[in-house]
Each structure stands twice: as structure tokens, then as C-alpha cells.
Amino acid sequence: MTLLTLDELKRSLRSLPGWELQENALVKTFNLSSFAHGIILKGAKAQTAEVADHHPDLSLRGYNRLTITLSTHSGGGVTTGPSCWPSSSKPISGETSDGK
């Protein structure tokens, strides 16, 4: 896995709506329609992460705001490894229209 440069990250972020770079990590907050949707999404992301042996930070705040923080901890930032990259920018079931 190769650590991505700041320029590479900025170019890549153009195709990932709602994702941003914060402290050497990719971060996105999903505004969901309910607490249940937040728990379901958090669980689904946890299952995917476990299979990929990559464990992003998942934080459910309030009752409906899930923040996902992706980085390769051992790499010290965002790498080219597939498990460290958002797989989709499609809307999430239960995501509200004001979701980032």
C-alpha cells in the first residue's frame, strides 16, 4: 500500500461527494432519517470492515448522524489499498436530503 499525496487525495475527492480530508483521513458524515437507520448503517459498515480486515472509525452522534473516518492506521494516512477507500458515493437508504 502506498500513502497518497495531498494532491492525489484532492483530485480523488472530486469524485466522492460529501467526503473530505481531515487529519490524514477521509471523513464523511451521513445525516439519516432515524436512529435505526444509523444503527443499521453502522452495523453494515462494521461487517464490511471486518471482512476486509480494515477498521474505520464509526461514530453515531445525536440520534441520526453517522461519521465514518477512513485511514490506514499502519500507513499513517490514506493509502491506495482498496479497504481504505470509500466504495460508493451513492445515497444511503435512510439518508436525508440534507445529508453530506
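Where does N24 lie?

## The loop between strand 1 and strand 2

In this predicted model, N24 lies in the loop between strand 1 and strand 2. E23 is found in that loop as well, and strand 1 itself covers residues 20-22.

For E23, phi is near 50°, a positive value in a residue other than glycine. For N24, phi is also positive, at about 60°, although N24 is not a glycine.

The relative accessibility of E23 is 81%, so E23 counts as exposed. N24 has a relative accessibility of 53%; because exposed means over 50%, N24 counts as exposed too.

## T29 in strand 2

Strand 2 spans residues 25-31, and T29 has its place there. T29 has a relative accessibility of 13% and therefore counts as buried, since the cut-off for buried is under 20%.

The side chain of T29 is joined to the side chain of T67 by a polar contact of 2.7 Å.

## The largest nonpolar core

How many residues does the largest nonpolar core have? There are 13 residues in this core, and W19, L26 and I68 are those with the most contacts inside it.

Helix 1 (6-13), strand 2 and strand 4 (65-70) are the elements that give two or more residues to this core. Strand 4 provides the largest share, with 3 residues.

How values were computed:
Residues are numbered from 1 along each chain as its sequence is written. This is a predicted model: local features need pLDDT of at least 70, side-chain atom pairs count only at pLDDT 80 or more; totals for chains, interfaces and linings use all residues. Side-chain values use heavy atoms; hydrogens and water are left out. Helices (H or I, at least four residues) and strands (E, at least two) are DSSP runs, numbered from the N terminus. Buried means under 20% relative accessible area, exposed over 50%, partly exposed in between (1.4 Å probe, protein chains only). A polar contact is a pair of N or O atoms within 3.5 Å; within protein, one must be able to donate a hydrogen and the other to accept it, and residues adjacent in sequence count only if both atoms are side-chain atoms. A nonpolar core is a set of buried Ala, Val, Leu, Ile, Met, Phe, Trp, Tyr and Cys residues joined through side-chain atoms within 4.5 Å.
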